[in-house]
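Here is a short tour for anyone meeting this protein for the first time. Have a look at the model, then read on.

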Amino acid sequence: MLRLDRAQARRIAVRAQLLDARRGRSVAEVVDELTLLQVDPTAAVAPSVDLVLWSRLGDGYAHSDLTFALETERSLAELSSYVRPMDDIGHLLAVAPHDLHPTIHDWLAANQGFRADVLDRLDAEGPRTAAEIPDTCQVPWASSGWNNDKNVNRLLEVLTLTGDVAISGRRGRLRVYDLPERVYPTDLDVPPYDEARAALDRRELAALGIARTGPGEVVAIDGTDGEWRVDPGALASRDEPFAGRCAFLSPFDRLVHDRDRALELFDFAYVLEMYKPAASRRWGYFALPILHDDRLVGKLDAKADRRAGLLRVHAVHEDLPWPPEVGDAVDAELTALGDWLGLEVVRG
C-alpha cells in the first residue's frame with residue numbers, strides 16, 4: 001500500500017479545496033470544484049457562503065457575484081441547504097429521493113392534495129415564498145417542535161429534493177420557489193441512481209482530495225490508523241511544488257467540516273461554540289479556523305459591528321506559539337478581511 005506522510009496528505013487536502021496560493025477563479029468555477037457551499041444564516045463576521053468564496057477569490061468577491069450566478073446566469077442552484085453547480089442538479093435529484101426517510105415519503109403520500117395545491121399555485125401565480133402559499137395540508141407534519149406549524153416550508157423542502165419544485169432565488173433571507181422548468185435547464189438529465197451516486201462520490205472525493213471513504217486510491221498516512229482514499233489526480237500531483245498562504249475559514253468550510261479528519265491530518269481540534277453558553281466557550285461564538293500554508297494554526301474570534309463600522313477582534317488564538325512570519329501573515333489577512341467587509345479592525 002502506498003504511504004503518504006502527513007505533509008503530503010495536508011497539501012492534497014489544501015490544494016483540493018483551492019486554499020493554496022492560486023487565485024482568479026469565478027464564483028461558478030469555485031463552486032464547481034468544491035461541489036457545494038453550505039448555506040447558514042449566521043453572519044457574525046459574514047455569511048458562511050461569502051466567507052468560503054472570499055477565502056478562495058479574494059477581495060474582488062462580492063455577494064452580488066453569487067446572486068448573479070444563482071439567479072441570472074443560472075450556473076449555480078440552491079438545493080436544500082447547499083449551493084450546488086447546476087451541472088450536478090440532475091445527479092442530485094436522482095439520489096435525493098432515495099435518501100429521504102420513509103416517514104417523509106409517507107407524509108408526502110398522505111398530502112397529495114396539498115402537493116397539488118402548491119404546484120397549481122406556483123404554476124398560476126409564479127415564484128412565491130413559503131409565507132405566500134396557503135397551508136392546505138391534510139396531515140400536519142409532526143416534529144419535536146422545530147417544524148411544528150411549518151407545513152408549507154416542510155413540503156417545499158421535500159418537493160425541492162424530489163424535483164417537483166426549485167428554488168429560484170431569495171428575497172432577503174427568504175427562499176423563493178418556482179416550478180423547476182422555469183429554473184433548471186430544459187435538457188436537465190436525471191440519470192439512474194447508481195450512475196448518479198457513483199459520479200457524485202467521485203466529485204466529492206476530488207473536492208476533498210483525501211478522505212476516509214470514496215472511490216479513489218487506497219493509501220496509508222503516517223501517524224494515522226487504517227486506510228484512506230485519495231483522488232487519483234491529486235495523488236499524481238502530490239510531489240509538485242506547494243505554495244501556501246494564510247486564510248480565515250468559515251466553521252462550515254469543507255477543509256474543516258469533518259472534525260475528526262481535521263484532527264488526524266492537521267492536529268486541529270475545533271468545536272463550533274455558538275450553541276454553548278458564553279462562559280463555556282474556549283475560542284468564541286463563531287471562531288474562524290486559521291490556515292497558514294498547509295497547517296491549521298489557530299482561531300479568530302471576531303464580530304462585525306456593521307452599525308458602528310467596526311470589525312471587533314475579541315481574540316486571536318494560537319494553537320501553538322507562532323513564529324513572527326505567521327503572526328505577520330495573520331495580521332495582513334485580518335486587514336484584508338476588514339477591507340473586504342468595509343469595516344475598521346479594532347482589537348479588544
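## The overall picture

The protein chain has twelve helices and 14 strands. Its radius of gyration is 22 Å, close to the 20 Å that the globule rule gives for 348 residues, so the chain is as compact as a globular protein of that length. Keep in mind that this is a predicted model.

If you put a box around the C-alpha atoms along the principal axes, it would be roughly 65 × 55 × 40 Å. Of the 348 residues in the chain, 49% are buried. Take the contacts between residues at least 6 apart in sequence: 63% of them join residues at least 24 apart.

## Surface and charge

The protein chain shows an accessible surface of about 16,200 Å², and carbon and sulfur atoms account for 50% of that.

## Helix H3, wrapped up

Helix H3 covers residues 48-57, and ten of its ten residues are buried, so the helix is largely enclosed by the rest of the structure. The buried set includes Asp50 and Arg56 as well as Val49, Leu51 and Trp54.

What does the covering of H3's buried residues include? Three other helices are part of it: H2 (27-34), H4 (63-72) and H12 (324-341). Strands E2 (37-38), E10 (246-248) and E11 (288-292) are there too.

## Helix H9, end to end

Helix H9 runs over residues 193-208, which is 16 residues. At 1.5 Å a residue it should span 22 Å, and its end C-alpha atoms are 22 Å apart, so the two agree.

Which residues of H9 are buried? They are Ala196, Ala199, Leu200, Leu205, Ala207 and Leu208. In an α-helix there are 3.6 residues a turn, so residues three or four places apart point the same way. The buried residues of H9 pack against helices H1 (6-16), H2, H5 (89-99) and H11 (259-266), along with strands E7 (210-211) and E9 (228-230). Just past H9 sits Gly209, with a positive phi of about 85°.

Start with Arg10, which sits in helix H1. Is Arg10 buried or exposed? Its relative accessible area is 9%, and with the cut-off for buried at under 20%, Arg10 counts as buried. Setting aside neighbours within four places in sequence, Arg10 is in contact with Leu265, Phe266, Asp294 and Arg295.

Next is Val326, part of helix H12. This residue is buried as well, at 7% relative accessibility. Val326 and Cys246 are 80 residues apart in sequence, yet their C-alpha atoms are 8.2 Å apart in space. Not counting residues up to four places away in sequence, Val326 touches His292 and Val297.

Last up is Val345, found in strand E14, residues 344-347. Val345 has 31% relative accessibility and counts as partly exposed. Ala304 is 41 residues away along the chain, and the C-alpha atoms of Val345 and Ala304 are separated by 9.2 Å. Once its neighbours within four places in sequence are left out, Val345 is in contact with Leu311, Val313, Leu334 and Gly338.

Conventions
Residues are numbered from 1 along each chain as its sequence is written. This is a predicted model: local features need pLDDT of at least 70, side-chain atom pairs count only at pLDDT 80 or more; totals for chains, interfaces and linings use all residues. Side-chain values use heavy atoms; hydrogens and water are left out. Helices (H or I, at least four residues) and strands (E, at least two) are DSSP runs, numbered from the N terminus. The radius of gyration is taken over C-alpha atoms; the globule rule is 2.2 Å times the number of residues to the power 0.38. Buried means under 20% relative accessible area, exposed over 50%, partly exposed in between (1.4 Å probe, protein chains only). Contact means heavy atoms within 4.5 Å. Accessible areas come from the Shrake-Rupley method with a 1.4 Å probe; for residues, only the protein chains shown count as cover. The expected span of a helix is 1.5 Å times one less than its number of residues.
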